[in-house]
Amino acid sequence: MRKKLLVPAMLIFALSGGIFCSKSGNDSNGPVTGNGFDKTAMLTYYADQLIIPGYASLLEKANNFQTLSNTFLAARTPSNQQALLEAYKQLHLQYTRIEGFNLGPAVVAALESYVNFNGGLDYSFATSGELTGFSIDSTTIENNITSGTYNLTLFVRSSFYAQGFSAVNYLFFGPNAIEKFAANTTNRVKYANDVVSRIKLLVDQINASWTSYRANFIGNTKTDVGSPIGNIINNMAYQLDVLKGPRIGWPFGKQSNNTAFPTKVEAYFAGNSAALAQENIRNLKKIFTANDSGKGLYDYLKALNKETLANQVKSQFDVVIAKLEALPDPLSKTISTEPQKVDEAYKEIQKLLTLIKTDVSSATGVQITFMDNDGD
Amino acid sequence: MFPQPPAFKLHSWTMMAINRYSLQKPVSIAPLISFRIAFGLLMFFSLVRFWWRGWIDTVYVQPKFHFTYWGFEWVKPFGSTGMHVVVAIVVLSTLLIVLGLFYRMATIVFFIGFTYLELIDVTTYLNHYYFISLVAFIMIWLPAGRNYAVDICLNPAKKSTLVPVWTIGIICFQLAVVYIFAGLAKLNADWLLRAEPMRTWLPAKTHLPIVGQYLYQPWVAYLFSWFGAAYDLFIVFFMLNKKTRPVAYCFVIVFHIATAIFFPGIGMFPYVMIVSSLIFFSGSFHEKLLSFFPFYKAQSKTRTSNESIYQYANQRIINFLLVLYIFVQIMIPLRFLLYPDHLFWSEEGYRFSWRVMLMEKSGAAYFTVKDKSTHQSMEVNNAAFLTPLQEKMMSTQPDLILKYAHLLADAYKKREMINPEVYAEVYVVLNGDPSRLLIDSTVNLAAEPLSWKHYTWILPYKKR
């Protein structure tokens, strides 16, 4: 009997030997063999080619925006306003290029909530009065200016809606923005300054954190909840959810029996919502393909013998990009003038979202949930 | 892979169904005592961990809606304070079980408390939670507090050193049910011939040094699959046999630790099985084990008149209940045979059947609520109704999809829709097949009743 047990016993002990060693050994990654895939190389590419340069550029654009904002606040002329609008558009576009990497330092800083709050996915677009999606909360902003007492670091919805890009839209590019500075000028200028400084501060902080965070990021090739790969795939699904919801679908009226909410599109007053959505999806594709460097999720799927899926996702990205590029700015008008085109884009976004949420997450062993849980 | 041992001896629990008298054979109480202590401690740490991770809040307090079990719709959670108090009481009961203080009361409180927590929401269903509830129920009836317990210090007259063998056998039976049904469930084409879902899960673990680099290889997935199936099917028999038991227990430890490392989110299950499997060891082994504990007085090996045998008042009723329990435990996992089509796809008869880590399934569900009379049509934002965990669980399980559809119909009625119809486009990936529709998206789910019968609106599963 003992002899008969010997073979399976040896097998499992040989295996377990490896497992136990793994627990004590350091977490270095061995050479990749066979049809394996170098996950470290993928993460290194993301860190060094997309994330770190992305934040450096974001910081640069935030600095430029602050300079022009100072100029405008000192001399509030239409031409200064126009220059500032251009700088803002560049800043926001750059933001969409890194928002697919909402992980690590960006989460610590709560960048998305403070800078480009989308209202959260768990809020319904049922009534127009509520602050949902990319609403602009002019009431709170005006109250803050009048009272002069506010705390922009508060982690609550009313605080998110009173700062970041939505506040920039209202203060600098809203209706009669220049004229409004005539009343209560000191407070209004101070508030505008505080909003701009806070954006810069947060970007500065994240940019600096990546220097030390980089090693954690590329050194962790796990796929569990909170791991870099888990985060990237979850974020891709999340960004598509935001696109399907607050960015396009909900202002379009998908939740509200086709009652549109034109003022709830992203960057309503700057009027470049469609451009932002297009840049967002183009960058998600860049993350997926890693710019065709052979180091992206696309290549990881291929290494997992999921070539059909990899190509399906890639071409669906192209379909979504084309459908979104067919939507002209301002999106707030397009949603009522071209409902057919918006609806087509919406449907294609949903197809892509389904692929990421089901096929891709399944193939990569990543759980799509922002919740850690017990399981068996 | 496991040959049947030639000199295989039937253990007493298999005998008990045949021979009513062997059921009463007195054996040492020691296995029950160490089981009580180990189980109590494990439950203590398990619940403290649950609390510490903030799951009381995310699982019981945050959801606005709960997926109830059929017949248990009346089970409702309390508020945040209430739920914390409930868990605190259950945690306290685990300590009382360990100490053997007010044992009967403590096991009743633990069973009711723990089962209450599990009945609140179907989306929290886990096989090992179900196992814990069953064991807790069994423990109420067992004399596991009759020795080495505070109760006995307070009332020495209640001390027992011998118990009827079935009191230990019933726990062995429960473990055998878990393992053997888990093993039988693995005997399917995906598991054995395609090595799915191991083939999907293993490449996610390539960060492990040494073994990591091999996890992309299909043969490793086949090895894991076949070994896992053989382990589940046969481990109980090797644990029952005295000669193979020590080696088999090493397998138990290694196997479950391996599952903890290689499987996505398996939670406490491996540890529950490692600890529970100790029950297979003999009385003398447990005597030795307990002799390391403080204040434990070893029993003399030869039976003397000092030995006190625990006896049940009405053994005939106990016998009847035992047979009934065993019958029910064997029938429940087999009920899936009454349903047509592929079990993994429709999941009719899937729960309470020891199907642990058996498939890779994920889904995306999009709901639309329409009103024909007013021509309204609205897409549903699932996140506004469900937590991420609830949404994830609902997206792949047809009965939960139906329950959610009914909730939506009610919710939209309150929003002044006269006759809401609910339609769902649900895409599901099963064991690496491309995603496709799980249910008929043209069926108004609001009009479909909950039923034990097969849901005809589930689309047929087609092999790829």
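Colleague: What percentage of the residues of chain B count as buried?
Modeller: The model is predicted, and this total uses all residues. A residue is buried if 20 or more other C-beta atoms lie within 10 Å of its own. Applied to the 464 residues of chain B, that criterion gives a buried share of 45%.

Colleague: How does the radius of gyration of chain B stand against the globule rule, and what is its value?
Modeller: Chain B holds 18 helices and 6 strands. For 464 residues the globule rule gives 23 Å, and the computed value is close to this, so chain B is as compact as a globular protein of that length. Along the principal axes, its C-alpha atoms fill a box of roughly 85 × 50 × 45 Å. The radius of gyration is 25 Å.

Colleague: Which strands lie at the edges of the open sheet in chain B?
Modeller: The sheet has 4 strands with antiparallel pairing, in the order S4-S3-S5-S6 of chain B. An edge strand pairs on one side only. The edge strands are therefore S4(B) and S6(B), the latter spanning residues 436-437.

Colleague: Which residue in the hairpin of S3(B) and S4(B) takes a positive phi?
Modeller: Strand S3 (residues 361-371) and strand S4 (residues 376-379) of chain B pair in the antiparallel sense over 4 bridges. The hairpin has 4 residues between the strands, and the residue with a positive phi, near 55°, is His375(B).

Colleague: Which helix of chain A lies across S3 and S5 of chain B?
Modeller: From chain B, helix H18 (residues 398-414) lies across S3 and S5, running at about 150° to S5(B). From chain A, a helix of residues 339-364 also lies across S3 and S5 (420-430) of chain B, at about 150° to S3(B). That helix is H17(A).

Colleague: How many residues does the largest nonpolar core have?
Modeller: Those with the most contacts inside this core are Leu301(A), Ile235(B), Ile401(B), Ala405(B), Val422(B) and Ala424(B). Beyond four places in sequence, Ala424(B) is in contact with residues including Ile401(B), Ala405(B), Phe367(B) and Leu445(B). The largest nonpolar core has 230 residues.

Colleague: In helix H8 of chain A, how many residues are buried?
Modeller: H8(A) covers residues 164-173 and is mostly covered. Its buried residues, among them Phe165(A), Tyr170(A) and Phe172(A), pack against helices H3, H5, H6, H7, H9 and H10 of chain A. The count of buried residues in H8(A) is 9 of 10.

Colleague: Over which residues of chain A does pLDDT stay under 50?
Modeller: Chain A, with 17 helices and 0 strands, has a mean pLDDT of 89, and 88% of its residues reach 70 or more. One stretch stays under 50, although the model has 42 contacts for it beyond four places in sequence. Where pLDDT is low, the predicted coordinates should not be read in detail. The stretch in chain A is residues 1-34.

Note on methods. Residues are numbered from 1 along each chain as its sequence is written. Chains are lettered from A and ligands numbered from 1 in the order in which they are written. This is a predicted model: local features need pLDDT of at least 70, side-chain atom pairs count only at pLDDT 80 or more; totals for chains, interfaces and linings use all residues. pLDDT is the predictor's confidence in each residue, from 0 to 100. Two residues are in contact if their C-beta atoms, placed from the backbone, lie within 7 Å. Helices (H or I, at least four residues) and strands (E, at least two) are DSSP runs, numbered from the N terminus. The radius of gyration is taken over C-alpha atoms; the globule rule is 2.2 Å times the number of residues to the power 0.38. A residue is buried if 20 or more other C-beta atoms lie within 10 Å of its own, exposed if 12 or fewer, and partly exposed in between; C-beta atoms are placed from the backbone. Two strands pair if DSSP finds at least two bridges between them. Axes are lines fitted to C-alpha atoms, for helices over the stretch in contact, and angles run from 0 to 180 degrees between N-to-C directions. A nonpolar core is a set of buried Ala, Val, Leu, Ile, Met, Phe, Trp, Tyr and Cys residues joined through C-beta atoms within 7 Å.
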